[in-house]
Amino acid sequence: MLEPMTYEELMEYVPKDYHKFVSAGLHPKQAISRLIDEYEMQTDDYEAFKWMFNVLLAEIGVRHNCLREEIREEALKIICDKRLITLWKQEGLNDTEISYRSAHLEKVKDSIQK
């Protein structure tokens, strides 16, 4: 079984892969689909990874005007249910890091509700 990616790795690799796919000629929506295909094994194996991945896909979708409705809905559900915050507390992250990440989630939420 593969080790799960860290939050930091996910935040680094997924946007890079998105830009790599678009640079290779894929339409932004096709690049999102390709990301889902590429990361599917990890999202199936690790629920927390899937939550972070969906929120990140929503953020990329807003930034590049290719947000899919099902991704938006799932990301909003994850953010509003505070699933990631609960997970981060269980993982023992300090309050400063949780506050930083929570603020980021709120920014994503605000951007995808529009």
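**Note on the helix packing and selected residues**

1. W88 lies in helix α5, which spans residues 83–90. The model is a predicted one. W88 has a relative accessibility of 1%, so it counts as buried. The cut-off for buried is under 20%.

2. What does W88 touch, once residues up to four places away in sequence are set aside? The list is Y7, M52, L93, I98, R101, S102 and L105. R101 sits 13 residues from W88 in sequence. In space, the two C-alpha atoms are 9.3 Å apart.

3. Which residues form the contact between α3 and α6? From α3 come V55, A58, E59 and V62. From α6 come H104, L105, V108, S111 and I112. By class, the contact of α3 with α6 has 6 nonpolar, 2 polar and 1 charged residues.

4. α3 has another partner in helix α4, residues 69–80. Here the angle is about 125 degrees, with the axes 8 Å apart. α3 and α4 are therefore oblique to each other. Their crossing is left-handed.

5. On the α3 side, the contact with α4 uses W51, N54, V55, L57 and A58. On the α4 side, it uses I71, E74, A75, I78 and I79. The classes come to 8 nonpolar, 1 polar and 1 charged. V55 and A58 of α3 meet α4, and V55 and A58 are also listed in the contact with α6.

6. α4 and α6 pack against each other too. Their angle is about 140 degrees, and their axes lie 10 Å apart. α4 passes α6 in a left-handed crossing. From α4, the contact takes in R72, A75, L76, I79 and C80. From α6, the residues are L105, E106, V108, K109, I112 and Q113. They divide into 7 nonpolar, 1 polar and 3 charged.

7. Now the cysteines. Is C66 buried or exposed? C66 counts as buried because its relative accessibility is 2%. C80 has 43% relative accessibility, so C80 counts as partly exposed.

8. How many disulfides does the model contain? The count is 0 disulfides. The rule asks for a pair of cysteine sulfur atoms within 2.5 Å. A disulfide is a covalent bond between the sulfur atoms of two cysteines.

9. Last, a charged residue. Apart from neighbours within four places in sequence, D17 is in contact with L35 and Y39.

Definitions and conventions: Residues are numbered from 1 along each chain as its sequence is written. This is a predicted model: local features need pLDDT of at least 70, side-chain atom pairs count only at pLDDT 80 or more; totals for chains, interfaces and linings use all residues. Side-chain values use heavy atoms; hydrogens and water are left out. Buried means under 20% relative accessible area, exposed over 50%, partly exposed in between (1.4 Å probe, protein chains only). Helices (H or I, at least four residues) and strands (E, at least two) are DSSP runs, numbered from the N terminus. Contact means heavy atoms within 4.5 Å. Ala, Val, Leu, Ile, Met, Phe, Trp, Tyr, Cys and Pro count as nonpolar, Asp, Glu, Lys and Arg as charged, and the others, Gly among them, as polar. Axes are lines fitted to C-alpha atoms, for helices over the stretch in contact, and angles run from 0 to 180 degrees between N-to-C directions. Angles under 35 degrees count as roughly parallel, over 145 as roughly antiparallel, 65 to 115 as roughly perpendicular and the rest as oblique. A crossing is left-handed if the near helix is turned anticlockwise from the far one by less than a right angle, and right-handed if clockwise.
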